[in-house]
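Please look over the model below before reading on.

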Amino acid sequence: MFEPIRVRGSVVVPDAELVWRFSRSSGPGGQHVNTSDSKVELRFDLAASEALPEVWRERALERLAHRLVDGRVLVVHASEFRSQWRNREAAAARLAALLTEACAPPPKARRATRPSRGMVERRLSNKRHRSELKQGRRAPRGE
């Protein structure tokens, strides 16, 4: 049909784990909109998925917890296009982006560092210079 949903690297979500639902979309279309099911709902049971490695699945369940239905199913809707085909592509792309981001490894922890002595001196020197410039613009006091 169309591109498989690629998560990261060679990990692909098989079509058997996806559930597609179609319904009538609100929006543009004129008379045609009353007869075509162009809105797409894509469901993916994240908790029961065999496609994702265990570590990735746990990471995704934790990061996408607020989006999951019943704590396990990820649902994506697409209805921005008038054709069902383009809405299917949009829903698949949205699901792939969500899973890619959710399965990404956590960023490296920041190592605390101290600014160098020269950097501190330059910063203070610039502050002094800026202060002198601004003081030079002031009107003399008391005269």
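A search of the whole structure gives 0 aromatic pairs, a pair being two rings of Phe, Tyr or Trp (its six-membered ring) with centres within 6.5 Å. The model is predicted, with local features needing pLDDT of at least 70 and side-chain atom pairs pLDDT 80 or more, while totals for chains, interfaces and linings use all residues. Residues are numbered from 1 along each chain as its sequence is written, and side-chain values use heavy atoms, without hydrogens and water.

An open sheet of 4 strands runs in the order β3-β4-β6-β5 with antiparallel pairing. Strands (E, at least two residues) and helices (H or I, at least four) are DSSP runs numbered from the N terminus, and two strands pair if DSSP finds at least two bridges between them. At the edges are β3 (18-23) and β5 (68-69), each pairing on one side only. Between β3 and β4 (residues 39-45) there are 6 bridges in the antiparallel sense, and L18 stands opposite F44 in β4.

Helix α2 (residues 84-103) packs on this sheet and touches β3, β4 and β6 (73-78), where contact means heavy atoms within 4.5 Å. The direction of α2 makes about 140° with that of β6; axes are lines fitted to C-alpha atoms, for helices over the stretch in contact, and angles run from 0 to 180 degrees between N-to-C directions.

Helix α1 (residues 54-63) packs against α2 at about 105°, with the axes 8 Å apart. The two helices α1 and α2 are therefore roughly perpendicular to each other (65 to 115 degrees). In their contact, W56, R59, A60 and R63 of α1 meet E101, A102 and C103 of α2.

Technical notes:
Parallel < 35°, antiparallel > 145°, perpendicular 65-115°, else oblique. Phe/Tyr/Trp six-rings, centres within 6.5 Å; stacked < 30°, edge-to-face > 60°.
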